[in-house]
Each structure stands twice: as C-alpha cells, then as structure tokens.
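Here's a quick briefing to read with the model open beside you.

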Amino acid sequence: MSFLTYLKDGISLGSVYAIIALGYTMVYGIAKMLNFAHGDVIMVGAYTALMMITRAGLPALPAVLIAMATCTILGITIEMVAYRPLRKAGSPLAVLITAIGVSYLLQNIALLAFGADGKTFINVVSLPSLNLFDGQLVISGVTIVTVLANIVIMICLTLFVKKTKRGRAMQAVSEDRDAAQLMGVNVNGTISLTFAIGSALAAIAGVLLCSAYPVVTPYTGAMPGIKAFVAAVFGGIGSIPGAMIGGILLGVIEILGRAYISSQVADAIVFGVLIIVLLVRPTGLFGKNVQEKV
Amino acid sequence: MDKSLEIIRRMKNRTLKNHLITYLIVIVFYVVIQVLINTGNLSSLLTGLLVPICVYVIAAISLNLVVGISGELSLGHAGFMCIGAYTSAFFSNAVGDGLPEIPRFILAILIGAVCAGLFGVLIGIPVLRLKGDYLAIVTLAFGEIIKNLVNVVYMGIDSNGLHISTTTAMDLHMEPGGKQIIKGALGISGTPRNSSFTAGIILILITLFIVQNLISSRSGRAIMACRDNRIAAESIGIPVTRFKLLAFAVSAAMAGVAGVLYSHNLATLNTKKFDYNTSILVLVFVVLGGIGNIRGSMIAAVILTALPEMLRFLSNYRMLIYAIVLIVMMLFNWAPAARTWRERMREKLPFKKKAAAGKEEA
Amino acid sequence: MKKMTKALSVAAAMAMAASLMAPVSVFADDVFVIGAIGPITGAAGAYGTSVMNGAAIAVDEINEAGGINGYQVELLTADDTHDAELATHAYDDLKDQGMQLLLGTVTSAPCIAVEGLAVEDNMFLLTPSGTAVDCIFGENAFRVCFSDPAQGTASAQYIGEHGLASKIAIIYDSSDPYSAGITEYFMAEAENQGLEIVSAEAFSDNRTDFSAQLNAAKDAGAELVFLPIYYQEAALILQQASDMGFAPSFFGCDGMDGILGIENFDTSLAEGLMMLTPFTPNAEDEMTQNFVKTYEERFDGLVPIQFGADAYDGIYAMKAALEDAGATPDMSASEICDLMKVSMGNITITGLTGEISWDVATGEPNKEPKAVVIENGEYQPM
C-alpha cells in the first residue's frame, strides 16, 4: 500500500513539474532559448494569488485569474525588454545570461517586497480528499485538481497548436522562423503569445505547487524551475506530450528514489536517470518521433 | 607559397604578442596590488577578495576553454571545482604536519587537478556525444550529482588506514585518535589556509600558459575546427571526439585547481557552494567577457566578483542593482541595436576611431 | 568584443579606485563599534534579519541607559547570504569600518570561515546562533546558543527520561550542518537512553515534499518524530503528516521556535508539538514581554524568534564583559579581545534565554534547556 501512496505522491509532484515543463517546452520550441527566469515567474504567480486572497480578500478563483493575468503581462514584458533585443545577437548564450539576470531581478524584487521569511500559502482547493482502501490511501483535493489541470492543459494546448491559426503559426515559427516570416506570419506576435501562454501556465503551476506544499519564498520557483527544465529535456524539448510525460516520470522517480533508495541522493538519482535517457535517446523520449514542435 | 608562409608567420607573431600582453596585464596587476598592500593602502575587504578573484579568474579561463574554444555549453563546472576542493582538502588534512607547508600545498594542487581531470575524462566520454542544450543539461546534471554524492560521504583516517561511509560518522568505526576529515553535509573544516594572492597569481599564469599554448597549438586549431564545422573537421580526418575530450579534461583539471585554491582559503568547506548557481556565475564571466576571449573573461571575473562587495553600502538593494547591471550590460554588449548605436557613436568621434581600429587589429 | 573589454577595464579601474581608499574608521574613539554578520537576504534571510533586529534593540537600550562604561555603542551590520565566502568579505568590510567586537555570524558554516579569520586577527567573536562545534574553535570565540552536541544529547535525554516514546523516527536536513549535527549526537545518545530509532530520513535540496520521509516513519511505526530542523520545513511536515492521517508526537529543537509566527499557518497543526528551546515569545517574565513588545512595535508586528533573543543576550553579554574588563573604545580590537577572553568567564547574565555563564576554555554557554509544548496555540512549559 505504501507503494501506491508513493506513486500517488510522485504523480502529484510530477504533474506540477509537467505544467511548468509545458511552459518551458513551448518557449524553448519557439524562441530556442532556455528561459531560466521561468521558475521565478512561478514564484510571482504564487505571491500574487496569495496577496489577492489574504490582502484583497478575494475568493480563490478570481485570485488565480489575476495571478495568471499578472504573470502573462510579466512574461510578455520580460520577453520584449530583455530577450527580444538579443534575438539576433549571434550567440544563444547572450540571452541565456540575460535570462539569469532576469531571474535574479525577480527574486530580489520579491525579497524586498515580501521579505526572506516564508509565507504560508492558503490552499486554494476546497475539494475534500478521497479515501481509498479503508483510508490507507488518501488522495488530497489538491492532488486531484493538479492531475486534472495537467491533463486539461495538455489537451487544450495540443488542440490549440494543431487546430487554430495562431497555433499553426507557432508551429511554423518553431520549424523555421525566417520562412514563417516570409509567409506572412507575425513572428514577434507569435513569440509574445508563446510567452503569454507559458507565463499563464507558470501562474497556475505556482498556485498548485504552493497549495500542495504550502509555503512561498522568493526562491520557491528556482528548484522546481530547474526540475521542470530537466523534465522538458527528458520528454524531448519542444514536445507537448513529452513535457507532460517527462514531468510525471520525473516526479515519480524522485519520490520512489527518495522512498526506496535514499532520501539524500534522490536528486542524484533523478539526474542519473536523465543522463541515461539522453545517452540512449539523445533528443529525449519524444524528441524525434513527435512532429509537432511548438 | 612563400607568401602564405609569411602570413602564417606574421599571424603567429601576432598571437604571441597578444599572449604576452595578457601575461603582462596579470603581472602588472600583481605588482600594483603588492605595492598597495605593502604601503597599507588596500582595504581589508579588497585584500580578502584577492584570493577569491584568483579562484574565479582560473574558473573563468577554464570554462572559456570549453565554451569559447571548444564550443560546448557546460553548466557543471562547479562539480569539477568541488572535486578539486574536496580531494585536495582531504589530502592536506590527512597529511597535516607530516609535510612542510609549501610541498604539501603543491601536492594538494596536483592532486586536485589530477582528480578533477580524471572526472573530466569520465564525464566527458558520455557527455560529449550530445549536442547543444542537451549537452548543457547533462553537464548540469553531472554537477548536481557530484554535489549530491559528496554531500553524503564520511571519510576518516586512523592507524588502520582509510575509513569511508555513506551513512553516518559513527559507521566509520574509527579507532580512538583517528581523524574524521569529511563529515557528510558538514564537509571539511580546519583546512590549512595555504592559499595566498601570490599562489593565486602563479596559478593564473600557469593556467594561462596551458590554455594559450593549447589554443595556438595544432590540437587547439583542431579543436576550433571541430567547433566551427564538425562535419568538415571529421571529413579531413580530425578525431573530433578525442580533441573535444582533451579540451574538456584540461578544462576540468583547471577548474579543479580553482577548487583547490578555494578550499585552502576558507576554514570551512561544504558542497553548498558548488551547486549550479556557481557554474552559472562562472558562465556569466565567460559570456560577459566575450566567448572565446580569454582576457575578457578574466576581466569580467575580476569585476563581477568585486562588484557585489563594492555595492555593500546599498545593503538590501545590492543584489537588485547587480541583477539590473547584469541585464543592462548584456543588452549593451550583445544586442544588435546597441551595437549599431555604438558604431554610430564611434564614427562621430574621429579621434577615437583610430585608437579603436588599432585595438581591433591587436 | 574589444570595445566591451575596454568598457569593462574602465569600469574596473573605477571600481578599484573607489575602493582603494585606505581603511579609515569613520567612528571616533569614544564609541564601541560592534559588527553583526548574518544572512539578511537569501534562503536563510529570516534568521539573520532576526539577529540584526534583536541586536539593534539591545544596542538602543544600552545607549539610552548611558552606554557601556559610559561610552556609546554603534552597531554595524553586513549580509553574508549564508555563504562562507561572502561572510569572510563581510567580515573584512566591517573590519575596514572599524569593528572592534563581532556578533556573529548567524549560521554555522559561514561562522567557521569567519572564525578562521577572527582567530588570526584576535578579534572577539560571539556567535548568537552558530551551533556547529567548530564555530568557536579559537580562544577568541564564544556562543550564546547551545551547540549541536548539547542539543542532540539533551533532546534524547529528555525524551528518554520522560518516557515520551520508545520508537522514534528522525527527519533531518542532510545539507544543513545544524540539522545533521544534532541528528548525529541525538542518535548516539538515543542508544544510551534505550530509544529505538526506527527510521532516519534526510532531505536536502527538496524542501517542499516530505511525503516519502513521513511514509517511512509511518510504516516503521514511529510513535514520535524528532525534527531537528527549522520551523519553515517543520510547518510543511506537520501539514503533510496531517494530510496523510499520520499523528505521532513531534519533537523539535530551538530551530522550531517561530513556527507559530508563520503568516497564515494553521496553528492547530502544531498542537502538541514539543521542543527544547531557550526562548519563547509568550513567556510571562517582564523582560521577555518588554522585548517582544518593542520588537513588534519596531518591526511591523513581526514576532521575534529565538535568533533575535540570542542576539539580544549576546549584546548584553558583551556589555557585561566589557564592563568587567573596564575596556574603553580607544583600545584596539585585539586588546579588547584579550580582556574579553578573561572577562567572559567572570560574568553571569540573566537574559531572554535564561541565566547564562561561560566556560572560557571551550567558549560554550552554561544554561538550562527549557522544554515547551504547544497547547491552544501557545507555548506552555512542560
């Protein structure tokens, strides 16, 4: 029974990684850049939702929507101010370092605004937990919502990318930016849209992450950001289903590794599995087979 | 034929001159600082910063070899620093007073470099098969794995020899009088503080010598050929993987030396320092100073190590300002728009144009 | 690229020039200058902030009451972000500004590094909260809090002697010397007390999900979970244990203090939590009441944690020892340190964390550990 509990915990944690990784993978697919500040957008989303609930006294849903809106605007602004000028800089490293600068910036603004003290997060999910097998397996409301949200987001994103004009424009930009531009696709607009979607997802991930593990600090987003990056690479960066499966697998491996091997080297195990996967399949699990790159 | 040989000879002279200028800058820097120290004109803060500056300069040179010359993005250099720091600190603590200070420190440096270099080879063999961002993430992964594993090691030495455990200090089953050296997450404390500014400068000069000679050697040209066009390099019979591995291992060994210098500068050592943030910090030096530009990355390392300390008077706003400065500098140096703007500004200033043109040639 | 290098060189030259000014103390000879170093930013920022606040209150009180030996006191603070290397820079910076006595550093690893320098300079060092044994390896160094061995051993003794439980699980932070240190000594003493350690699970980088560690403890049938960690993680552990329907007793050390002050934390989760801590903000005595009141008024309603109390006591200990030695501010840091080495052994202060005297040979404090339990959202003595 404890195995099932671990598995459930792993899927729950993995689902959060997956939502972050979806944002990561979309941005990477389009802009071809590692957005190190993505994790910190999660943190901004979590703080915004928390402030809306505790300071402004809003109910959970509008608070989350405001957090999404804030992160969307933040994402677009970051892209326009810090990343766009460097898009033709000649080295992908330039924009990578700028992203790190943005990450420091967000962390330090949060530090000044909210202090280094962790703030306990209010659970935004009012769903009761589910008791299975005479209470031996307890699935909390947050877990259910996280997993469901993950699936819904993945389906919506896939439909969006495949069926809508904007989505197909994304695919085109990701395939070949110059050719897409020649065909009349608004490249800047498409990239902005991608950042908007990725950042809105980050806000959702932030709220869910902090609901499950109820504390938010200026550094809340950093490690999940890195893990989600790993998840995105794991699944094949640029691939939507890859990001989701990669995220969930990562969460499960992390929890099982911690439970059955050693809690101290769990991260080493996660990274070890990543290395093995990449050595066998150098572009990740779904990197090659999946056609639609976003 | 004669003409092309002549060009090559001139090119060689020019690189030689360029290399000498770099050595000269380092030596002048050393002399100036020494004069300031001896005349009591250097604040303790700056004096304390000297060894860390040397550490990061060496790390930056070493990473530039991989990122700039070999063209691979490595995000795990802190892992190699960690290996160098731990192995050498273990050695120095184990030997203790068994050896005089200077030979012990030299041996410690060699041990740190060799161990880090070995890890470089071990990690390089699988990693260098990958490309681009995938390679970056795997090096990051290796760096984190090294940190994670070192964090659970307990190691001690007594009359029966070496004891190793990965659980607790009690499982070492040490004899009374034995010395516990590596204490898991507590790391190593009490390493002799052998690092000095002079030692740091000597090590910088040695690192520079190795890297600059490697770059201008046959191997170096082969490495750069692999970077610029792997397929073309392969087609003319250059064993690409072997040369990339060479650069990676040399770079790892030098990062190990930076780690040795670091661990012999502080009374305490634990793995917290060697996470991906440190790898990224060193990468920032390299990118800001110019990818492949050894001198630039050295200068960037000096400035960015000193800058946050110089900003101490800003207290809590310090890191905020640092982040903004970083972003602005990146935009200013790399954005095509900023570059054209700078070009225009330069044209407006005719007297500077000449100087700049002269510099461009150098 | 070349131009950039040039721009960088110019900036470097300017930075150098700005900092080359020889170290000149800005303070006159009639002021004692105490430096405090700790993490003000970074993940451990809460501890350093608390120390700076507690020290500031003590210094202001002392100045208002006429100072030390008739001289005013100036407090300088510096941030080390809980990094050993940055802590040494912070130390050098304060030294440049004329620091004569050091309160700090707050966290263990940076403290060991700074002590390495302070020993060489013969600078008096009193750490409010650096618990690792090596923090005070030199004769110049003392501490206010209990050391790791003292806390680990005392906790195991307390649990054993009061028969709180026999099957014990431990969840600790393997990347934190404080936590790993206490765990080590707790396990050693548990054996003597006849306690059975049924599981000892660590966490390191992941500070949010503790389900695996809690499940291990639950499956092993632990009656009591020992948490030698800080309150932020402990709050999450309590939450997650409650979510999974696991309700053993919980026992913590001084790092647990502060758990009731976390914003939005559901304090009913902490009901029945026991801890060994020298300071509780709702203790009845007048001194604590005044301190908490001043602290809350001055720092936006923040409730002080034990770090602030340790710092407050630290400043008063310095005052007592300086008065015992008859030291004056015109002495050098080294001269003051030599006097303090003797005087610290002569004084006994009654502070927020109890009655404290010091052993000059080891630098360790002698004080009674207090055990408290949380009942109805408040600390109650056990």
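What follows covers chain B as a whole, and then a sheet in chain C.

This is a predicted model, where local features need pLDDT of at least 70, side-chain atom pairs count only at pLDDT 80 or more, and totals for chains, interfaces and linings use all residues. Residues are numbered from 1 along each chain as its sequence is written, while chains are lettered from A and ligands numbered from 1 in the order in which they are written.

**Chain B overall**
- Chain B has 14 helices and five strands (DSSP runs numbered from the N terminus: H or I of at least four residues for helices, E of at least two for strands).

- Five strands make an open sheet in the order β2-β1-β3-β4-β5 (chain C), with parallel pairing; two strands pair if DSSP finds at least two bridges between them.
- At the edges stand β2 (72-79) and β5 (141-143) of chain C, each with a single partner strand, so one side of each has no neighbour in the sheet.
- Strand β1 (residues 31-38) of chain C pairs with strand β3 (residues 101-104) of chain C in the parallel sense, over four bridges.
- C:Ala36 sits opposite C:Leu103 in β3(C).
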